[in-house]
Amino acid sequence: MYRRTGIILVIVAVVLSAWMLTTPVRHFTGYLIGGGETEKLFTTCGKTIDILSGRFDEEVTTPGARGDCVKEARGRVAYVVIVAAPLLLVAGFAIARGRYPNLPLP
């Protein structure tokens with residue numbers, strides 16, 4: 001594996017982690033039936049880091065909704081750990097042990 005592959009994997013892992021931790025968390029609350037179409041209803045909880053530190057959006061008013069939002073945020077953190085940790089492990093191996101690509105001589 002080449003070193004530039006490791007660098008690309010580090011960039012992918014960092015961008016994926018940042019995206020998952022900063023996008024708003026939504027919790028599925030149910031369906032709205034009527035008017036010809038069925039719509040899914042979601043509660044916007046806030047950003048993952050804010051939820052885990054105890055700050056929620058205005059829509060989250062009950063303790064049950066807060067618990068559901070915390071579960072969704074923990075799920076995102078677990079997903080980041082499960083996906084980003086192996087990527088960073090492989091990237092570290094590629095950067096430490098990888099070789100430079102063979103470039104053609106001029």
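# Why these labels?

Author: Let's start at Ile82, which sits in helix α3. A helix here is a DSSP run of H or I with at least four residues, a strand is a run of E with at least two, and both are numbered from the N terminus. The model is predicted, so local features need pLDDT of at least 70 and side-chain atom pairs need pLDDT 80 or more, while totals for chains, interfaces and linings use all residues. Residues are numbered from 1 along each chain as its sequence is written, and side-chain values use heavy atoms, with hydrogens and water left out.

Reader: What makes Ile82 exposed?

Author: Its relative accessible area is 61%. Buried means under 20%, exposed over 50%, and partly exposed in between, with a 1.4 Å probe and protein chains only. So Ile82, at 61%, counts as exposed.

Reader: Why is the disulfide of Cys45 and Cys69 called left-handed?

Author: The torsion about the S-S bond is about -65°, so the disulfide gets the left-handed label.

Reader: What makes Cys45 buried?

Author: Cys45 has a relative accessible area of 0%, so it is buried.

Reader: Why is the pair of Phe28 and Tyr31 called edge-to-face?

Author: A pair of aromatic rings is described by the distance of the centres and the angle of the planes. Rings of Phe, Tyr and Trp (its six-membered ring) pair if their centres lie within 6.5 Å; planes under 30 degrees apart are stacked, over 60 edge-to-face and the rest tilted. The whole structure holds 2 aromatic pairs. For Phe28 and Tyr31 the centres are 5.2 Å apart and the planes stand at 70°, so this pair is edge-to-face.

Reader: What makes Phe28 and Phe42 an edge-to-face pair?

Author: Their rings are 5.8 Å apart, centre to centre, with 65° between the planes. Phe28 lies in strand β1 (residues 24-34) and Phe42 in strand β2, so the pair ties together parts 14 residues apart in sequence. Ring pairs join Phe28, Tyr31 and Phe42 into a cluster.

Reader: Why is Tyr31 called exposed?

Author: Tyr31 has a relative accessible area of 53%, so it is exposed. Phe28, at 35%, counts as partly exposed, and Phe42 is partly exposed with 32%.

Reader: How do you know that Arg55 and Asp50 form a salt bridge?

Author: Their closest N and O atoms are 2.8 Å apart. The rule wants a side-chain nitrogen of Lys or Arg within 4 Å of a carboxyl oxygen of Asp or Glu. The count comes to 1 salt bridge. Asp50 is at 25% relative accessibility, so it counts as partly exposed.

Reader: Which residues make the nonpolar surface patch?

Author: Ile7, Ile11, Val15 and Ile95 make this patch of about 350 Å². Patch residues have over 30% relative accessible area and no salt bridge; like charges are joined within 9 Å, and nonpolar side chains (Val, Leu, Ile, Met, Phe, Trp, Tyr) within 5 Å. Areas come from the Shrake-Rupley method with a 1.4 Å probe, and for residues only the protein chains shown count as cover. Helix α1 (residues 3-22) gives the largest share, 3 residues.

Reader: Why is Ile7 called partly exposed?

Author: Ile7 has a relative accessible area of 48%, so it is partly exposed. Ile7 and Leu88 are 81 residues apart in sequence and 9.6 Å apart in space, C-alpha to C-alpha.

Technical notes:
A disulfide is a pair of cysteine sulfur atoms within 2.5 Å.
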